[in-house]
Amino acid sequence: MTENAPVQTTRTLYRSRTDRMLGGVCGGIAQWLGWSPLKVRILYLILGALPVFAGIPIYVVLWLLVPQEPRRVSAA
């Protein structure tokens, strides 16, 4: 008897090409989580106001380390 194993989908975090204001980091996180980019940006601003959250350095590190979303090839 064969067991049906659940299909495991892996989602890769990319910087967004379409939902971007600066580097596409928040837009990419929103796509990765399945959230609205606006919600991610608001949450990031709220967290950034806390003294324990180094918002700008974290954003810059993510901008440098997270790859940009691959270009989609359109069928013409």
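Which residues does Ala30 touch, not counting residues up to four places away in sequence? I looked this up in a predicted model, where local features need pLDDT of at least 70 and side-chain atom pairs count only at pLDDT 80 or more, while totals for chains, interfaces and linings use all residues. Residues are numbered from 1 along each chain as its sequence is written, and side-chain values use heavy atoms, with hydrogens and water left out.

Entry on Ala30. I found that Ala30 touches Trp35, Ser36, Pro37 and Val40, contact meaning heavy atoms within 4.5 Å.

Entry on Ile29. I placed Ile29 in helix H1, helices being DSSP runs (H or I, at least four residues) numbered from the N terminus. Leaving aside its neighbours within four places in sequence, Ile29 is in contact with Leu13, Val40 and Leu62. I also noted that the C-alpha atoms of Ile29 and Arg41, 12 residues apart along the chain, are separated by 9.6 Å.

Entry on the core. I listed the largest nonpolar core, which has 7 residues: Val25, Cys26, Ile29, Ala30, Val40, Tyr44 and Tyr59. Such a core is a set of buried Ala, Val, Leu, Ile, Met, Phe, Trp, Tyr and Cys residues joined through side-chain atoms within 4.5 Å, where buried means under 20% relative accessible area (1.4 Å probe, protein chains only). H1 and helix H2 (37-48) are the elements that give two or more residues to this core, and H1 gives the most, with 4 residues.

Methods
Buried < 20%, exposed > 50% of the residue type's maximum accessible area, 1.4 Å probe, protein only.
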